[in-house]
Amino acid sequence: MANYVFLGAPGAGKGTMAQLLVEKYGHVHISTGDILRAEMKSGSELGRQAKAAVESGALVSDELVAAIVARKLAEKVVRKNGFVLDGYPRTAGQAGLLDKALADNKLTLDAAVLFEVDEELLLRRLTARRLCQDCKAGYNVLYLPPKQKGICDQCGGKLIQRPDDNIETVKDRLNVYQKQTAPLIDLYEKKGVLIRVPGSLERDENFAALCRHLKI
Ligand code: AMP
């Protein structure tokens, strides 16, 4: 099974595309954002350490997220099913730590997928984004509304807005992306594994484009 890193700004569709890929092919979905939010919700020490950065749209320390990812990559199912890393790496330091974790686990990267979306659409998408508080299914009040307002189609759970999806924090997160994460595009291009995929289409069209580019 193949191993992928998903790159792209917040709102580019990394999480949605990862979920679709996982449903179809069974990869292990490793979303550092999801893991951090779960740790915060459970009130763990790790969650407490991450809270201030996550709520303000800043980045959590490289060491903290790298430790989470290294633990996940060591799981047996990762070698068997392949993985999609969603939202990691986000800094040059994390990219170096990822190389080490891959080498430690005798894993290689098949592609770094960059979802390209212009900033205006990112802003509209992020502020209209909702997710189910129970099953975490993603919706968008503009582009992918639930059948019944505020209610998850899949499990009937309540739809909520992520606290960091408010306009001010979204702008900060986009700045952080430009400064700290966008330089990784060059890095993966030089490694010869970068694949650019348009991310501004509708969900199913985006997924079809992704599969075409990955030749799967
Ligand atoms: P996401 O769900 O990917 O948008 O991530 C939500 C928040 O979690 C980010 O704004 C950061 O505060 C934190 N976070 C997620 N992944 C990372 C990472 N690789 N490095 C540092 N912070 C992260």
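What follows is a working chat about a predicted model.

Biologist: Ground rules before we start?
Modeller: This is a predicted model, where local features need pLDDT of at least 70, side-chain atom pairs count only at pLDDT 80 or more, and totals for chains, interfaces and linings use all residues. Residues are numbered from 1 along each chain as its sequence is written, and side-chain values use heavy atoms, with hydrogens and water left out.

Biologist: How are helices and strands assigned?
Modeller: They are DSSP runs, numbered from the N terminus: helices are H or I with at least four residues, strands are E with at least two.

Biologist: OK, aromatics. How many aromatic pairs turn up in the whole structure?
Modeller: The search finds one. The ring centres of F6 and F115 lie 5.0 Å apart and their planes meet at 80°, so this pair is edge-to-face. Cut-offs: rings of Phe, Tyr and Trp (its six-membered ring) pair with centres within 6.5 Å; planes under 30 degrees apart are stacked, over 60 edge-to-face, the rest tilted.

Biologist: Where do F6 and F115 sit?
Modeller: F6 is in strand β1 (residues 4-7) and F115 in strand β4 (residues 111-116).

Biologist: Are F6 and F115 buried or exposed?
Modeller: Both are buried. Buried is under 20% relative accessible area, exposed is over 50%, and partly exposed is in between, with a 1.4 Å probe and protein chains only.

Biologist: What does M17 touch?
Modeller: Beyond its neighbours within four places in sequence, M17 contacts F6, F115, R203, N206, F207 and L210. Contact means heavy atoms within 4.5 Å. M17 lies in helix α1 (residues 14-25). It is buried, at 2% relative accessible area.

Biologist: And R203, which residues does that one touch?
Modeller: T16, M17, L20 and L144, leaving out residues up to four places away in sequence. R203 is in helix α10 (residues 203-214). Its relative accessibility is 36%, so R203 counts as partly exposed. R203 and T16 are 187 residues apart along the chain, yet their C-alpha atoms are separated by 7.8 Å.

Biologist: Switching to helix packing. At what angle do α2 and α4 pack?
Modeller: About 105°, with axes 11 Å apart, for α2 (residues 32-42) and α4 (residues 62-73). Axes are lines fitted to C-alpha atoms, for helices over the stretch in contact, and angles run from 0 to 180 degrees between N-to-C directions. That makes α2 and α4 roughly perpendicular. The classes: under 35 degrees roughly parallel, over 145 roughly antiparallel, 65 to 115 roughly perpendicular, the rest oblique.

Biologist: Which residues of α2 and α4 meet?
Modeller: T32, I35 and L36 from α2 meet L64, V65, I68, V69 and K72 from α4. By class, that contact has six nonpolar, one polar and one charged residues. Nonpolar covers Ala, Val, Leu, Ile, Met, Phe, Trp, Tyr, Cys and Pro; charged is Asp, Glu, Lys and Arg; the others, Gly among them, are polar.

Biologist: Which residues of α4 are buried?
Modeller: L64, V65, A66, I68, V69 and L73. They pack against β2 (28-31), α2, α3 (45-56), α5 (76-81), β3 (83-86) and α6 (92-104).

Biologist: What about α8 and α9, how do they pack?
Modeller: At about 40°, with axes 5 Å apart; α8 covers residues 167-181 and α9 residues 183-191. The two helices are therefore oblique to each other. Y177, Q178, K179, Q180 and T181 of α8 make the contact with P183, L184 and I185 of α9. These divide into four nonpolar, three polar and one charged.

Biologist: Now the backbone. Which peptide bond is cis?
Modeller: The one from Y88 to P89, with omega near 5°. P89 is in the loop between β3 and α6.

Biologist: Which non-glycine residue has a positive phi of about 55°?
Modeller: K106 does, and phi of K215 is also positive, near 55°. Most residues other than glycine have a negative phi, and most peptide bonds are trans.

Biologist: Where do K106 and K215 lie?
Modeller: K106 is in the loop between α6 and β4. K215 is in the segment after α10. K106 is exposed, at 72% relative accessible area. K215 counts as exposed too, at 75%.
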